[in-house]
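Colleague: I would like a close look at a single part of this model. Please take the aromatic rings and walk me through them.

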Amino acid sequence: NKEQKMPFLPKRIGILTSASGTVINDFQASLSEARFAFELFWLHVTVQGSSAKEEILQGLVRLQAVADLDAVVIIRGGGSAADLAVFNEYEVARAICLYQLPVISAVGHQADQSSAQDVSFLALGVPKDVGRYFAEIVLDLRRRYRLAVQVLQQLGVPVCAHAIARL
């Protein structure tokens, strides 16, 4: 999956995670720092236990059917090695590796590492880092835009006042 290409400005993001826990809140809080209209396609799946592997695999298939997604996020909070074991399953890692979109993952805590993360386009330490990753793309583009506007103004090139106000 590391060879996939991330769009210049990823906007439509598919998300696989549990419906419970603080993971969703942590991710969204970091993502909201960008103040940008990301389109999120949440698909709640079991992330531990006997049905987790099949739900994650089915979730990946279902998200592949969503038109024009830019990336898929797989996030899960901390837990014991047994709780996180599904992310070391061969079938899960293989599905991520062969996925047609970039997969960004954060499973467990900073020190945890799984096969799913090894094959992901990008693996980050904790779920809030994934939200921050996407937010930082937007914030960086805004910084670049502001700089370009400043350079144009210094060169005496007229710049639309409306564009400057939206910075």
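Modeller: Start with the rule for pairs. Rings of Phe, Tyr and Trp (its six-membered ring) pair if their centres lie within 6.5 Å; planes under 30 degrees apart count as stacked, over 60 as edge-to-face and the rest as tilted. This is a predicted model, where local features need pLDDT of at least 70, side-chain atom pairs count only at pLDDT 80 or more, and totals for chains, interfaces and linings use all residues. Residues are numbered from 1 along each chain as its sequence is written, and side-chain values use heavy atoms, with hydrogens and water left out.

The count comes to four aromatic pairs. One of them joins Phe38 and Phe134. Their ring centres are 6.4 Å apart, with 75° between the planes, and the pair is edge-to-face. Phe38 sits in the loop between helix H1 (23–32) and S2, while Phe134 sits in helix H5 (residues 127–154), so the pair ties together parts that are 96 residues apart in sequence. Helices (H or I, at least four residues) and strands (E, at least two) are DSSP runs, numbered from the N terminus.

Phe38 and Phe134 are both buried. Buried means under 20% relative accessible area, exposed over 50%, partly exposed in between (1.4 Å probe, protein chains only). Phe134 has 0% relative accessibility, so it counts as buried.

Now turn to Tyr133. Its ring centre lies 5.1 Å from that of Phe134, and the planes are at 75°, so this pair is edge-to-face. Tyr133 is partly exposed, with a relative accessible area of 23%.

Phe36, Phe38, Tyr133 and Phe134 make up one aromatic cluster.
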